[in-house]
Amino acid sequence: TMKEHIHSGEKIYKCSECDYVSTRLGNLKRHKLIHTGEKPYKCNECDYSCTYHGTLKVHMLIHTGEEPSKCNECEYTSKRNEDLKVHMRKHLGEKPYKCNECEYSTIRAGDLKLHMQKHSGEKPYKCSECAYRCTRFGNLKIHMRIHTGEKPYKCSVCDYTCTVSGSLIGHMRTHSGEKPYKCCECCFTCSQSRTLKFHMLKHSGEKPYKCSECN
């Protein structure tokens, strides 16, 4: 464990951007690429680039035409046997990674690590522009679009653009007329989950929004 390494006198390498620590300098160097955004591994067949060599090897299967690993229970396929093994736990009901603070269990070690941050309150990823902090690097990347103004998701029907894919999916329903969210109390239907949440307040009588000047 990390405690054993500390007491043994073995050198600990710490990230200056977050709480990541490792006993190996090479691991820290690879980790730092997450913060710098550097993608040193480039595909010689297309414009793809990535942070890790292993990720590039998986990508190259697209060009080689190598058959992916297939699940015999559903239509899931993967380029890596390791991913298929993790996927199979869903069918087997296996959740080997268990939280020692609550009853949470999961099929992936990474999911458990993120879950544990709920108990510790740890939010290692910090915005350089405001006080925003979060547990996932991906969430920080999405948040940064508020500051940069980047809206990479574009509607193919109108001029609508947005920062997250979920917003585009909801928007596209305004064109298709699809209303998948249904109220269990009345016949109300809508295109977005947040609209249904607001609607349900009518049935519950809940009034979560309070004026700061009066009651």
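Q: What space lies in the largest pocket?
A: About 520 Å³. That volume is the space filled by probe spheres set on grid points joined across faces, edges and corners. The model is predicted: local features need pLDDT of at least 70, side-chain atom pairs 80 or more, while totals for chains, interfaces and linings use all residues. Numbering runs from 1 along each chain as its sequence is written, and side-chain values use heavy atoms, without hydrogens or water.

Q: What makes a residue part of the lining of the largest pocket?
A: A lining residue has an atom within 4 Å of a pocket point; a pocket is an open set on a 1 Å grid over the protein atoms alone, where a 1.4 Å probe fits, with protein on both sides within 12 Å along at least five of seven lines. Here 20 residues line the largest pocket. Tyr20, His31, Lys113, Gln117 and Tyr125 lie nearest its centre. H5 (109-120) gives the largest share, five residues.

Q: Which residues line the second largest pocket?
A: Tyr52, Arg80, Asp83, Val86, Arg89, Tyr97, Ile107, Arg108, Ala109 and Gly110. Helix H4 (81-92) and H5 each give two or more of them. The volume is about 310 Å³.

Q: Why is serine 22 called buried?
A: Its relative accessible area is 6%. Buried means under 20% (1.4 Å probe, protein chains only), so serine 22 qualifies.

Q: What makes the pair serine 22 and asparagine 27 a polar contact?
A: Their side chains are joined at 3.4 Å. The limit is 3.5 Å between N or O atoms, one able to donate a hydrogen and the other to accept it, so the pair counts.

Notes:
Buried means under 20% relative accessible area, exposed over 50%, partly exposed in between (1.4 Å probe, protein chains only). Helices (H or I, at least four residues) and strands (E, at least two) are DSSP runs, numbered from the N terminus.
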